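Thanks for coming. I have one structure to go through today, and I will keep it short.

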Amino acid sequence: MSGMALFRTRSAALFGIEAHVIDVEVDMYPGGNARDFVTVGMPDMAVRESRERIKSAMLNSGFGYPNKSVTINLAPANLRKEGAGFDLPMALGILGAMGVVGRSDEHLLVGELSLDGSLRPVRGALSMAVCARSRGISNLLVPADNAAEAAIAEGVNVYGMRHLAEVVSFLNQPDRFQPAVSRPSETGIGSQEALPDFSEVRGQTAARRALEVAAAGAHNVLMIGPPGSGKTMLAKRFAGILPPLTFQEALETTQIHSVAGILPRGAGLLSRRPFRSPHHTVSDAGLIGGGSGTPRPGEVSLAHHGVLFLDELPEFPRNVLELLRQPLEDAQVTLARSNMTLSFPAKFMLVGAMNPCPCGFYGDSTRECRCTGAIITRYLGRVSGPLLDRIDLHIEVPAVPYKDLRSRDRGIGTAQMRERIEAARAIQNRRGFYNADVPPGQLRRLCALDDAGERTLEMAMRKLALSARAHDRILKVARTVADLDGAEGVAAKHLAEAVQYRSLDRNYWN
């Protein structure tokens, strides 16, 4: 066997939102034919099918294909290898064994090959760039459509390649190529200003105030109202009043969307907070994450640092809704499988919307409700008490009166609301956490009450029979109302407003 019969390249495999380096070992030996192509190391079907793609790509790129047996080992062998991203390192390994290219140990290679040798984009390029940097690998070669995304990770040279022949040219003459640069003007796919504006909403002054409170303290919110009252319209404008993503938040969000394979082609760093709105027929794996093979992030993780909007909340299967309890408390999802345990970040703001009853008109002064008390109770019971306790604000969104609907008064717009919210969040940033995340040990200190405040809270707790968790939620919301007012302490009026945002407790459960 000649010295060039064995050749090694390096690639990466995704596990959760992290990537792990994979050694691609290619052994080529005489005595067989071009059909003798074996891949070992727990490859999935897409990796096994790479033989035909690699062969056609090499032939159509003018490199030929050896009439020899080929064995490819993807190490470590105990990690499952998924996807067509191993096409490029495997093809380069064969070319290296043929003597076409030299050593490539200092490069991490990833890319799917088309039959003509061109490179298709892959999932998780940003995670692979972070992995290369942590392992001290200086160069990352990715498909050109992934270059802007991967270049976000500083400390590694990213080269965007369009064709197998271009990769071979790079490995033989690297000085001819310049690494990709992720410029600020190229890293965004939108801005907060491009979102719908709150000034387009007619009426609903109380609901808009409640959403401003929710955004200021990062609180979860549930809107209850009849069909056509504007719940969805309000929810779609909610992400626009949130402060812009910080660089670290944008990096984490981009990484998750990249791993999920939904990052727009050629996009770099996401600049807009995600807004996810799954249909009520979503499965538990679709909402929380999972699936066959290596689990992928679900809607709660795709909404990381953004908004998860669940319209018609009671229509979601109850077992699916109950899965929200862990991410709402822990800001992450842990998926356990027989051979692995993965965690996905899931720090999102939950915005729910629901009708007050199945027909939608309970409590509406203009239309008669046809539902009996038992029907309404069963309908509301689809959303469990423990889940409701994790939602800080329950607000009523009544039908809009004709006078408000025809009014020319546009009201306060998104920009003005966001300015007040950013001021309130600046106060919370100095404390080191948002009000929705106040540690239990600091809650009483930050929400110290005077005698009037104590009486207000005690009356609310007794009359509404609230749980201990609801007690803490009210204090946190009151703290946010005080921050919006610029007040040092929490007054009785702040508590009274916070109690008004427990609509289900006030009107339905008691």
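This is a predicted model: local features need pLDDT of at least 70, side-chain atom pairs count only at pLDDT 80 or more; totals for chains, interfaces and linings use all residues.

Let me start with the nonpolar cores. The largest one has 67 residues, and the members that touch the most others are L140, V300, L308, L324 and F348. Helix α4, residues 125–134, gives this core its largest share, six residues. Take L140 as a case: leaving aside residues up to four places away in sequence, L140 touches L108, V110, A125, M128, A129, A150, V156, N157, V158 and Y159. There is also a second, separate core, with 56 residues, including A210, F309, M349 and V499.

While we are on α4, look at S127, which lies in that helix. Is S127 buried or exposed? Its relative accessibility is 2%, so S127 counts as buried. Its side chain has a polar atom 2.7 Å from the backbone oxygen of I17. Apart from residues up to four places away in sequence, S127 touches L14, I17, A19, Q255 and V259.

Next, helix α19, which covers residues 451–464. Its 14 residues reach 20 Å from the first C-alpha to the last, close to the 20 Å expected at 1.5 Å a residue. Buried in α19 are G453, L457, A460, M461 and L464. Why do these residues line one face of the helix? Seen down the axis of α19, the buried residues fall within an arc of 95°, so one face is what they line.

Now the two ends of α19. At the start, D450 has a side-chain oxygen that reaches to within 3.3 Å of the backbone nitrogen of A452. Just after the helix, A465 has a positive phi of about 50°.

On to the strands. An open sheet is formed by five strands, in the order β11-β14-β17-β10-β18, with parallel pairing. Which strands are at the edges? They are β11 (275–276) and β18 (393–396), each of which pairs on one side only. Inside the sheet order, β14 (residues 307–310) pairs with β17 (residues 349–354) in the parallel sense, over four bridges. F309 stands opposite V351 in β17, and F309 is also one of the residues in the second core.

For an antiparallel pair, go to β15 and β16. Strand β15, residues 332–336, is joined by five bridges to β16, residues 341–345, and the two run antiparallel. The bridge partner of A336 is T341 in β16. As a general point, in a regular strand the side chains alternate between the two faces of the sheet. In β15, V333 and L335 make up the covered face, while Q332, T334 and A336 make up the uncovered one.

Last, a loop residue. F433 sits in the loop between α17 (414–431) and α18 (440–446). With a relative accessibility of 15%, and buried meaning under 20%, F433 counts as buried. Not counting residues up to four places away in sequence, F433 touches Q428, V438, P439, Q442 and L446. The C-alpha atoms of F433 and G217 are 9.5 Å apart, although 216 residues separate them along the chain.

That is what I have; questions are welcome.

Key: Residues are numbered from 1 along each chain as its sequence is written. Side-chain values use heavy atoms; hydrogens and water are left out. A nonpolar core is a set of buried Ala, Val, Leu, Ile, Met, Phe, Trp, Tyr and Cys residues joined through side-chain atoms within 4.5 Å. Buried means under 20% relative accessible area, exposed over 50%, partly exposed in between (1.4 Å probe, protein chains only). Contact means heavy atoms within 4.5 Å. The expected span of a helix is 1.5 Å times one less than its number of residues. The arc is that of the directions from the helix axis to the C-beta atoms. A polar contact is a pair of N or O atoms within 3.5 Å; within protein, one must be able to donate a hydrogen and the other to accept it, and residues adjacent in sequence count only if both atoms are side-chain atoms. Two strands pair if DSSP finds at least two bridges between them.
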